[in-house]
Amino acid sequence: MVGETLVVDEFWWADEKLKERLRRDPAGVLKERGTNVPAGVALSIIHEVIRIVSLLWLDGKIVPLEKFYIDPSDEGLLFGRGVWESTRTIGSIPWLWPLHIDRLRRTAALLNIDVAPERLPDSQQVTDYVRSLSTQDVVVRLNATAGRPGKTGIVWMSAVLRPQPMASIRLRSHQLPVEKGQPYLTWKTFQYATRLQIGQEAGQGGFDTALLLDSKENLLEAAHANIFVRLQDGWSTPTADGGLLPGTVRQHLLDHAPLPMRERTIPYAQLAEVREAFLSNSNVGLVPIAQIDDHHFQTGGETLRLMNWLESEPAAGTSLRVVGPSN
């Protein structure tokens, strides 16, 4: 009717009790959910963050966190038979999404998890989900479980704020605790606790994360990222021969980087020859390596060139970053 004001329920998905709390103390609700909002952030931004941490994509529908349900008999929950992918968005578009979907399907096949292709969201579906949450760019995570006999698993997606950027990173070496060729521990599966623990142990030792080595003291990868090093004859990354997770950014660099990149065996002893080095993953892009054990490196011109090339390739998006609680 002319002259009437349309009232939009900002928290349409919440029950009455939660709505009251969100209106009275939205920052307090966010803190309970693991997100700390700096003082002075606009209320409209806080509401966006609330949507980001509260709404999930479940088989094509958006549902509130409180109504999300996993079958207690799902083998993803009981035995870790689940797969996942994550990447940042740029302009709400998921970065390198076709590579992520391809890897998820290949990982699911390795673990005999049946996921119908039509259940996996394409780039447009991810973009629509992200834009329903926020105008900010986020990191999205897609998950698929194995289900149980007689019932297929579930496919869902969540979003989190992008992590704070790091100027550089320090690594402590750690031998890979499993034999090569173990898909549950070298691919993106629900059995991810080993990688988390190794990274946390490096953090307790004063480093940012761990650099994994094989039984012959060859470089493999960081706990959550791939590694590239600049040797005298050019840029190299360890060969994906069953001991590391071949990342989507790693593949993108091998295929399209403006500087030649190759796969090769890189002995730990060759770190003495390294001129520059960086880590890559799809949540943060490229991060220069400042230190590996007692070896120190400068952020060189070629690393900066690669970072600038990677960031300028897609259209730049906006990004709000809110600090989570310290561990």
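User: What makes the backbone nitrogen of Leu245 and the side chain of Glu221 a polar contact?

Analyst: This is a predicted model, and in it the backbone nitrogen of Leu245 sits 3.2 Å from a polar atom of the Glu221 side chain. The cut-off for a pair of N or O atoms is 3.5 Å, so 3.2 Å counts.

User: Why is Glu221 called buried?

Analyst: Its relative accessibility is 2%. Buried means under 20%, so Glu221 qualifies. As for where that is, Glu221 belongs to strand 9, residues 219-222.

User: Which residues is Glu221 in contact with, leaving aside neighbours within four places in sequence?

Analyst: Arg195, Ala210, Leu211, Leu212, Asn226, Ile227, Gly243, Leu244 and Leu245. Each of them counts because it has heavy atoms within 4.5 Å of Glu221.

User: Arg195 and Leu212 also line the largest cavity. What makes that space a cavity and not a pocket?

Analyst: A 1.4 Å probe fits inside a cavity but can't get out, whereas a pocket is open. The volume here is about 50 Å³, and the structure holds 1 cavity of 30 Å³ or more. Besides Arg195 and Leu212, the lining takes in Leu176, Pro177, Val178, Leu185, Thr194 and Ile198. Helix 8 (residues 193-204) gives the largest share, 3 residues.

User: How do you sort the lining of the largest cavity by class?

Analyst: The tally is 6 nonpolar, 1 polar and 1 charged. Arg195 is part of the lining, and Arg counts as charged.

User: What makes a group of residues a nonpolar core, and which have the most contacts inside the largest?

Analyst: The members must be buried and joined through side-chain atoms within 4.5 Å. The largest core has 37 residues, with Trp13, Leu22, Val140 and Leu142 making the most contacts inside it. Helix 3 supplies the largest share, 6 residues. There is also a second, separate core of 20 residues, including Ile169, Leu219, Leu231 and Phe297.

User: Which residues does Trp13 touch, not counting those up to four places away in sequence?

Analyst: Leu18, Leu22, Ile50, Arg51, Ser54, Leu55 and Pro64.

Key: Residues are numbered from 1 along each chain as its sequence is written. This is a predicted model: local features need pLDDT of at least 70, side-chain atom pairs count only at pLDDT 80 or more; totals for chains, interfaces and linings use all residues. Side-chain values use heavy atoms; hydrogens and water are left out. On a 1 Å grid over the protein atoms alone, a cavity is a set of points where a 1.4 Å probe fits but cannot get out, and a pocket is an open set with protein on both sides within 12 Å along at least five of seven lines; lining residues have an atom within 4 Å of a point. Grid points are joined across faces, edges and corners, and a volume is the space filled by probe spheres set on the points. Helices (H or I, at least four residues) and strands (E, at least two) are DSSP runs, numbered from the N terminus. Buried means under 20% relative accessible area, exposed over 50%, partly exposed in between (1.4 Å probe, protein chains only). A polar contact is a pair of N or O atoms within 3.5 Å; within protein, one must be able to donate a hydrogen and the other to accept it, and residues adjacent in sequence count only if both atoms are side-chain atoms.
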